Amino acid sequence: MMGKRGRPRNMETQKAILTAAYDLLLSEGFGNVTVEKIAEEAKVSKATIYKWWPNKAAVVMDGYLGAASERLPVPNTGSIYEDILIHATNVALFLNSREGMVIKELIGEGQFDPGLAEAYRTRYFQPRRVEARGLLEQGIQRGELKADVDPAVCIDLIYGPIFYRMLVTGETIDRSYMEQLVNTAFEGIRAK
């Protein structure tokens, strides 16, 4: 039986590539990041990057997500209201940070780059939706939320306004707004 072809990923090299991609994204913006620049910064060849990632969007998103995931832990307080308030507030505050503002840029670039749009949808937004869905399903199981509530609609109801303010109106997204938003949403979904 033959072994796997090629060398296994060298974790140090992979980390150097992801760190370079993330640093370049923050300093230069997605449009100015190239695989060549990532390779130069990480001190690897372009072929090494392409061996592990199909395109610039994938490596940039993986670099970004590695850093972002550490800042967005999933709460477990035992209260669905508190968990969603913490989770949604953390997402909102992250999106207002320098790192979070990158999402706005990526969404804009994704309108013209289908590969990037697919990367941020599958690598960033879908995992956040899965986290929120898990929290909401726990709330349904514990009887804190109405049994017939649709978690996907609840996610849109709670998290959608964050992106509306971020991308459309530019209005403030702070803790006070998040409390008001979650309180209003819970008026309709909380079990009586």
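I take buried to mean under 20% relative accessible area. The model I am reading is predicted.

**Entry 1: overall layout**

I began with the secondary structure. I count nine helices and zero strands. Read along the sequence, the pattern is α-α-α-α-α-α-α-α-α. I then looked up the extent of the C-alpha trace, which spans about 60 × 50 × 25 Å along its principal axes. Of the 192 residues, 43% count as buried. I also checked how far contacts reach along the chain. Among contacts between residues at least 6 apart in sequence, 66% join residues at least 24 apart.

**Entry 2: helix α8**

Next I went to α8, residues 151-169. I still found a kink of about 35° at Y159, shortly before the proline P161.

Which residues of α8 are buried? I list P151, C154, I155, I158, Y159, I162, F163, R165 and M166. I then noted the packing partners: the buried residues of α8 pack against α5, α6 (98-110), α7 and α9 (175-189).

I looked at both ends of the helix. At the start of α8, a side-chain oxygen of D150 comes to within 2.9 Å of the backbone nitrogen of A152. Just after α8, G170 has a positive phi of about 75°.

**Entry 3: aromatic pairs**

I turned to the rings. There are eight aromatic pairs in the structure. I opened Y64 and F94: their ring centres are 6.2 Å apart and their planes stand at 50°, so I log the pair as tilted. Y64 sits in helix α4 (residues 56-71) and F94 in helix α5 (residues 80-96), so this pair ties together parts that are 30 residues apart in sequence. Both Y64 and F94 are buried.

I then took Y64 with Y124. Their centres are 6.2 Å apart and the planes are at 55°, so this pair is tilted. It links distant parts of the chain, with Y64 in helix α4 and Y124 in helix α7 (residues 114-141), 60 residues apart. For burial, I read 0% relative accessibility for Y64, so Y64 counts as buried. Y124 is at 1%, so Y124 counts as buried.

**Entry 4: charges over rings**

Where does the charged end of R128 sit? I find that end over the ring of Y124, 5.1 Å from the ring centre. I found R165 over the face of Y177, at 3.7 Å from the ring centre.

**Entry 5: E131**

Last, I looked up E131, which I place in helix α7. Is E131 buried or exposed? Its relative accessible area is 18%, so I record E131 as buried. I set aside residues up to four places away in sequence and listed what E131 touches: L72, V74 and H87.

Note on methods
Residues are numbered from 1 along each chain as its sequence is written. This is a predicted model: local features need pLDDT of at least 70, side-chain atom pairs count only at pLDDT 80 or more; totals for chains, interfaces and linings use all residues. Side-chain values use heavy atoms; hydrogens and water are left out. Rings of Phe, Tyr and Trp (its six-membered ring) pair if their centres lie within 6.5 Å; planes under 30 degrees apart count as stacked, over 60 as edge-to-face and the rest as tilted. Helices (H or I, at least four residues) and strands (E, at least two) are DSSP runs, numbered from the N terminus. Buried means under 20% relative accessible area, exposed over 50%, partly exposed in between (1.4 Å probe, protein chains only). A charge sits over a ring if NZ of Lys or CZ of Arg is within 6 Å of the ring centre and within 35 degrees of the ring normal. The expected span of a helix is 1.5 Å times one less than its number of residues. The bend at a residue is the angle between axes fitted to the seven residues ending there and the seven starting there. Contact means heavy atoms within 4.5 Å. A polar contact is a pair of N or O atoms within 3.5 Å; within protein, one must be able to donate a hydrogen and the other to accept it, and residues adjacent in sequence count only if both atoms are side-chain atoms.
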